Amino acid sequence: MMFKRVFIKILLVISILGFSNNVLANEQDNLKAHFLEELSDIIKIIDNKQFTKDERNTKIVNELTPMFDFKLMAKLSLGKKKWMSLSKEAQVEFVTLYVERMKNSYSSKIDSYEDEEVKITDIKRKKNRISLETEIATAEKNLKVVYKFYKPKKRKNNKDIWLIYDVEIIGISILKADKAQFKEFLRTNTIEALMEALAKQKTT
């Protein structure tokens, strides 16, 4: 009788583990499919020559917004202490400036886009984190770009289930690069001066 109970418990554990693995695999497959769908839509925007550069970049940011956690990226790049020193209104303004900065940063990269092929080469998961590794095939060489996703405990309004919080391009983290640049600036300047500098970049 005891053996039968133990055997049933073992079967239940195996069934639960099998179900969990299937759920994890399905989530990864769904994320890959969604990412490729978004990428296809962005390429269509880039290929539409009727848009001005600003219209194109705005449409791309709008397309990416549900997938990116820009607020978290802005917060992490600034640092918790500096972020908490800002008022709620200033936090909203900083996120807006941060998004605009990213838009300007990618503008030059988009300008050089010439039908490069993008493919997913690997996907890795660790608890509520997923790294989606992609490769961009150019005429000269292949570029490795890794998109880092996390899954919030509670889904955010107008956001995807999995959100990008960092991107690595050829091993260089955008988040870490921004954090280092902001930290260096704030050694000798105020956070207000940083926001003014970001605002000036927006208008140039």
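Good morning. Asn158 lies in the loop between strand E3 (142-150) and strand E4 (163-169); helices (H or I, at least four residues) and strands (E, at least two) are DSSP runs, numbered from the N terminus. The model is predicted, so local features need pLDDT of at least 70 and side-chain atom pairs count only at pLDDT 80 or more, while totals for chains, interfaces and linings use all residues. Residues are numbered from 1 along each chain as its sequence is written, and side-chain values use heavy atoms, with hydrogens and water left out.

Asn158 is not a glycine, yet it has a positive phi of about 60 degrees. Is Asn158 buried or exposed? With a relative accessible area of 71%, Asn158 is exposed; the cut-offs are under 20% for buried, over 50% for exposed, and partly exposed in between (1.4 Å probe, protein chains only).

Lys127 also deserves mention. This residue, again not a glycine, has a positive phi of about 55 degrees. Lys127 sits in the loop between strand E1 (117-126) and strand E2 (129-137), and it counts as exposed at 73% relative accessibility.

I turn to the overall arrangement. The protein has 7 helices and 5 strands, and along the sequence they follow the pattern α-α-α-α-α-β-β-β-β-β-α-α. Of the 204 residues in the protein, 34% are buried. Taking contacts (heavy atoms within 4.5 Å) between residues at least 6 apart in sequence, 51% join residues at least 24 apart.

Leaving aside residues up to four places away in sequence, Leu86 touches Leu78, Gln91, Phe94, Ile191 and Met195.

Leu78 brings us to helix H3 (residues 70-78), whose buried residues are Phe70, Met73, Ala74, Ser77 and Leu78. These residues lie on the same side of H3 because they cover an arc of only 120 degrees around the axis, the arc being that of the directions from the helix axis to the C-beta atoms. After H3 comes Gly79, with a positive phi near 100 degrees.

Thank you.
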